[in-house]
Amino acid sequence: MAEPDERSRAVIAGLEKIDPQYVLHLPSSTLVHIINHLAARPNTLTFPIPREEEGVGILAGLELAGARAVAVIQDNGIGNLLTALTTFPIAYHIPQFYVVSRRGGLGEYNSMIHAICEKVEPILDAAGVRYFTLDGRVPIADWESTITRAYEYSRVTRRPVMVLCNLMGG
Amino acid sequence: MAGLTRTEALRLIDASFPREPVIVNVGAAIREMVAAVGVKSNHLHVLDSMGLPPAIGLGLSLGLAESRFEKVVTIEGDGGLLMGLSALSTIGMLRPEKLVLIVLDNGAYGSTGGQPTAAETTDFSAIGRACGIEARDVESGAGLREALEEARSLHVPVLIRARIGPESARTPYFLEDPAVLADAFRRFLRGEAPVA
């Protein structure tokens, strides 16, 4: 298996600082190095979720219990979680943290996935979901701190926060 | 016709777990729970996230695994469970031993006019067992009381499918601010005094 590139390593470094007790993930070829790293992490329960909205519920329960938890998902599933996200953690002021890999755009090899992925930012804007963006315009030296600061921002503002990470080179 | 009403079932659940975290599912169940036993700090009222309570209960029971609480109770309807059915698979995979999932099955979407669900041809307990969850079927108050007491002694996730009647009690809307509800529930979990 190929070594993780520097973008994945930077995301991993940020997640290590967060030191999550629980990691929920959905399948994603772009996230494979990050998920594999977290799955091998001692004292962290890393497990798959079958749908994004189920992850919203599990994360909310973990947060209410005082646990440190993150979800690692891909942006083509954002449409699945909007109702759950807006009616529960946003409405109930429950912090949550999502690392979201970007698809579509430069470097994309799939002929269809852009149909949802290119619309993710306006969808999140319309739903009032706060996110930060990491892509080729952000110096790699800032990626780790963006991950950790976005996590803290979700705690401070008591709401879900996402970091949209382009791991494909765009 | 089932001999158990929703309100009777909710009273029994509250009586069996008066100081444990209880997640109450949307709509009629919340209104009837509030009408029956009041607004309690150990109850998390999930106002409008149909299908989410089993996942919330799963996360809560994982996070509270080492806590003082014996059990984490989650109430769901048949329509709600069908909406979030995949959570049974995740519960079976992770096996949170404190989780008690109670499915109040009236075969209908009780909060929206009683439209039928697919519950009549769906064996929730069999699905739960197939996922690795201990499951019981009950159709009476005595049966529910017994299943709840048994669940307390089991150290595995438990699903109790309680067949209830189709009727809903006439109750007022419950319109509390969700952020207030979450704060009260957090305070309960932490053992803090409620806000006056």
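Student: In chain B, how do the axes of helix α3 and helix α5 cross, and within what distance do they come?
Tutor: In this predicted model, the axes of α3 (residues 53-63) and α5 (residues 86-94) of chain B come within 9 Å and cross at roughly 20°.

Student: What does that make α3(B) relative to α5(B), roughly parallel or roughly antiparallel?
Tutor: Angles under 35 degrees count as roughly parallel, so α3(B) is roughly parallel to α5(B).

Student: Is the crossing of α3(B) and α5(B) left-handed or right-handed?
Tutor: The two helices α3(B) and α5(B) form a left-handed crossing.

Student: Which residues make the contact?
Tutor: From α3(B) come P54(B), A55(B), L58(B) and L62(B), while α5(B) brings A87(B), T90(B), I91(B) and L94(B). Seven of the residues in this contact are nonpolar, one is polar and none is charged.

Student: Changing topic, how many residues of chain A are in contact with chain B?
Tutor: There are 24 residues of chain A in contact with 27 residues of chain B.

Student: Which helix gives the most to the side of chain A that touches chain B?
Tutor: That is α3(A), with nine residues. Both α3 (52-64) and α4 (78-92) of chain A supply at least two residues each to that side. By type, the side of chain A that touches chain B has 16 nonpolar, five polar and three charged residues.

Student: And where does Y173(B) lie?
Tutor: Y173(B) is in the loop of chain B between β8 (158-163) and α8 (178-190).

Student: Is Y173(B) buried or exposed?
Tutor: Y173(B) is exposed, because it has 8 other C-beta atoms within 10 Å. Y173(B) and R31(B) are 6.5 Å apart in space, C-alpha to C-alpha, although 142 residues apart in sequence.

How values were computed
Residues are numbered from 1 along each chain as its sequence is written. Chains are lettered from A and ligands numbered from 1 in the order in which they are written. This is a predicted model: local features need pLDDT of at least 70, side-chain atom pairs count only at pLDDT 80 or more; totals for chains, interfaces and linings use all residues. Helices (H or I, at least four residues) and strands (E, at least two) are DSSP runs, numbered from the N terminus. A residue is buried if 20 or more other C-beta atoms lie within 10 Å of its own, exposed if 12 or fewer, and partly exposed in between; C-beta atoms are placed from the backbone. Two residues are in contact if their C-beta atoms, placed from the backbone, lie within 7 Å. Ala, Val, Leu, Ile, Met, Phe, Trp, Tyr, Cys and Pro count as nonpolar, Asp, Glu, Lys and Arg as charged, and the others, Gly among them, as polar. Axes are lines fitted to C-alpha atoms, for helices over the stretch in contact, and angles run from 0 to 180 degrees between N-to-C directions. Angles under 35 degrees count as roughly parallel, over 145 as roughly antiparallel, 65 to 115 as roughly perpendicular and the rest as oblique. A crossing is left-handed if the near helix is turned anticlockwise from the far one by less than a right angle, and right-handed if clockwise.
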